[in-house]
Amino acid sequence: MNKFLISGIIILSLLTQTACATKDAEVKNNKEIVSSDNNDPLEKLNRGIFAFNELLDGLIVKPMVHIYRGLVPEPAQHSVKNVINNLDAPVVFLNSILQADVNNAGRTASRFAINSTLGVAGIFDVASEFGITKERDKDFGQTLGVYGITAGPYLMLPIIGPSDFRDGIGLGVDTLSDPFTYIFTQGESTARFSVTVLSLRNDRLSLTDNVYENSLDPYASFRSIYLQHRAKSVNDYLGKDESSEKDAGK
Amino acid sequence: MNIKSFAALFLATFISISAHADDKDAASKFVNEIGKQAVSILGDSDKSKEEKTTALEAMFENTVDIEWIGKFVLGRGWKNATDAQKSSYMANYRTFLIKHYTANLTEFSSVDFKITRIVPEDNGGNVVTMKIERPNQEDIVVDYTIRKKPNDGFKVYDITIEGVSMITTQRSEFASVVEQNGIDYLITQLAERSKKEEKRIK
């Protein structure tokens, strides 16, 4: 009897240690790491498009952001973000399912239902007040990454900006899988795109200004930042909360 | 298997777990202390802006492994550099890094922080996550990569915000600059930037 008990405890403790080690190894092996040794085979082309985007940015987008900031008070800017996020819900829901993140899918569906009705077409984030906090953003590019597809070469897309091969495909699929693409008229879709660009650019303005001020090669910095940011969204796809992370460490 | 062997095995398991935990706790304590030190310097109303900057710069130099980071961010350029270039680069990089980071800090007069998470990282160290609370502004979440330097204390090896690592980004940037314009150009740029930061403080 003693022998079994003791063997049982030994096996259990060995298994626990192995499990911890395997968990670490799994995280290591599945983790997407961005190499800091620049892998940008399309660099010349990308830099050209980057220069074009910079021109567009300086002439049109940034002035519009300043007008936006002048005309639209911050609470309203927040409401605009709420509407944009709400319209993204179907795509986020779909990709949550594809990534087997049922929790996030449920949250997205609830928030969409509540905010579209009680929140008046998404203007007010009523769902948060009910305790259903913002879901994790998901898109098809991230889903591809989660399924093990590597990012591929870095791409600088006209107007849209930094991307990579995987995210480029993701963007296409997102557009095709978005019900609003079919529900909205061409005018409404264009308006949605423009407002999204404006709102995002507004959010990122201080970051981009920072890079331009401090970087000796903004193109390279933006490339690195983008690729790292996307790698993180793939690595974090299940959005482990803080408490489980602490346990994983033990 | 008798009770002695069992006790020995149990003890061995317990010790190996504790040793792991000690490292994490020590790393967390280290970050907590440097955080407290920075907050007290920033909040010291008796000090002038210049005095605060000098104190922060000294603290930065002691807690960050600038030499290691300098070599890392230069990447292949380090191997290809002459000895003269290496020492010039390290000197200019050191000044640049210290000035760049401390110049931004003196803007904050009152911040509060909390250590929220400690996770081991691939190279034997730990990543300590700190949430910085600023009055009337959004919280910032910063990850510090902490490793124990042999024959020395804990040092900071990287700062990561929202998944973007400072040393990875900088390495990419420097590689690009060196490839296009050479290391001497990089060194002069670093010197120029340091002077710019200096002007900002005054």
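Author: Strands β3 (residues 140-148) and β4 (residues 154-161) of chain B run antiparallel to each other and are joined over 6 bridges. The model is a predicted one. Within this pair, Thr145(B) faces Asp158(B), which belongs to β4(B).

The two strands are part of an open sheet of 5 strands in chain B, in the order β1-β2-β3-β4-β5, and the pairing is antiparallel. At the edges are β1 (112-120) and β5 (164-165) of chain B, each with pairing on one side only. As a general point, strands in a sheet pair through backbone hydrogen bonds, in either a parallel or an antiparallel sense.

The loop between β3 and β4 of chain B contains Asn151(B). Although Asn151(B) is not glycine, its phi is positive, near 60 degrees. Asn151(B) counts as exposed because 5 other C-beta atoms lie within 10 Å, and the cut-off for exposed is 12 or fewer.

Ile159(A) sits in the loop between β1 (154-157) and β2 (161-164) of chain A. Ile159(A), also not a glycine, has a positive phi of about 70 degrees. Ile159(A) has 13 C-beta neighbours inside 10 Å and is therefore partly exposed.

To return to the part you asked about: Asn151(B) is in the loop between β3 and β4 of chain B, and those strands pair in the antiparallel sense.

Key: Residues numbered from 1 in each chain as written. Chains lettered and ligands numbered in written order. Predicted model: local features only at pLDDT ≥ 70, side-chain atom pairs only at ≥ 80, totals over all residues. Pairing = 2+ DSSP bridges. Helix = DSSP H or I, 4+ residues; strand = E, 2+ residues; numbered from the N terminus. Buried ≥ 20, exposed ≤ 12 C-beta atoms within 10 Å, placed from the backbone.
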